[in-house]
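Please have a look at the structure first.

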Amino acid sequence: MAKKRPQTKAKPQLIDGEIPVVGAREPCPCGSGRRYKACHGRAAAHAATELVHRPFEGLPGECDWVALRELVPAATAELTLRDGLPEGVPSVTLATVLPMAWPALRRDDGSVLLGLQNDTASGDISRDLADTLLRALEAEPGTPVQGRRAPAEGPRLQDLLDPEGPFRPVVHSGFEFWVPDAENATPEVAASLERANAAAIPTVRLSGVDAAYWCETPEKNHLRWVMPHPEEQLLDALARLHAAGRSSLGEGTRLVGSFRAHGLTVPVWDLPSGISAKDVEQPAAEFAERLAAALAVAEPLTPEERRARGGLTNRQVTLS
C-alpha cells in the first residue's frame, strides 16, 4: 500500500496589504505555497513595468519637481510631511543628487536628505521615492538608505507630503550641502563631491516666472522652462507665436525646440553667451504674457502656423 503523506498544517494567509516583497523564486509570504512570482509577485511585476505618465502630478510645484529631476544639477527643497515630522527628525530635504548616488541619507543629527535623480525600480517614481523616504525616516542616524523595489501597493509622495506645503527650490553652485563640514568628510564622500562639482553646469532659477531655469554652457547659454499646460495646446500656442516672430526672448535668442519630461513640455531657448539669468528675467515675463494670450486662441492654426508647429514637434526630445 502506498504510504500516506504526512498532513501539514496550512499556514494562515495574509491579506494583500500585509504581503512583503520577496525574491521571485521564494515562497510567497501569503502562505499559498506557490512561488512569489507566480502569486502576488504578478501584481508587483505589473506595477514595476507600468509607467506613470505624470508621477509628480498633484504635488505642489510639479513643474519644479520635473526640473530638479531632469535639468538642474544641484538644488534642494524643504519638504513638508502631511502628518508632520517624526520625533528625532528635524527636517526632510529633497536633493537633486546625493553622494555615491545614495537614494537617501539620514544624517547624524537625524535630518533626512532624499535624492531625486536616481534610477527607480518601478514605473512610478513617486511610489519609489515615497518608499525610500519612509525607510529614511526610520533609518539609524548617520546611515544612507539603499534602493529597492517598492511594494506595489505602497504609498506615493502624494500620500506623504502636505498638499498645501510650500515647494521652494534653492539652486546651488555646487554640492557642499551634502555635508555640514566638507573638510571632515570621508574620502569616499570627498571624492564624490569633487566629481559632482566638476560636472555641475552653472544654473539659475528665474524669480519672475515659475519653473524657468537659465544655464551656462561653454558655447552658449540656454533657458529651459517647464510648463504645466497640456502638450497639444502648448505646442499650438508656441507655433502661433513662432509664426508671428514673437517666440524669442530678445535679440540673438531663439526658441529651438522642447523636451518632453514626466508628462510635461519644456520649451528651450538658445541664448548668446553674454546673456545672464538677470538679463532674461524681463523678456521671460513678457513672453509669459504673450503665451497666455496665445493659449486662449481657439481658432485652427493657419498653414504658416502648422508649418511652425511641425518644426517645433520635429525638434522635441523625450527625457522620460
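This is a predicted model: local features need pLDDT of at least 70, side-chain atom pairs count only at pLDDT 80 or more; totals for chains, interfaces and linings use all residues.

Strand S3, residues 104-106, and strand S4, residues 112-115, run antiparallel and are joined by three bridges, where strands (E, at least two residues) and helices (H or I, at least four) are DSSP runs numbered from the N terminus, and two strands pair if DSSP finds at least two bridges between them. Within this pair, Ala104 stands opposite Leu114 in S4. Helix H3, residues 125-138, packs on the sheet and touches S2 (92-95), S3, S4 and S5, contact meaning heavy atoms within 4.5 Å; the direction of H3 makes about 160 degrees with that of S4, with axes as lines fitted to C-alpha atoms, for helices over the stretch in contact, and angles from 0 to 180 degrees between N-to-C directions.

Residues are numbered from 1 along each chain as its sequence is written, and side-chain values use heavy atoms, leaving out hydrogens and water.

A further open sheet has six strands in the order S7-S8-S9-S11-S10-S12, with mixed pairing. S7 (203-205) and S12 (316-318) stand at its edges, each with a single partner strand, so one side of each lacks a neighbour in the sheet.

As for the cysteines, a search of the whole structure finds zero disulfides, meaning pairs of cysteine sulfur atoms within 2.5 Å. Cys215 counts as buried because its relative accessibility is 1%, the classes being buried under 20% relative accessible area, exposed over 50% and partly exposed in between (1.4 Å probe, protein chains only).
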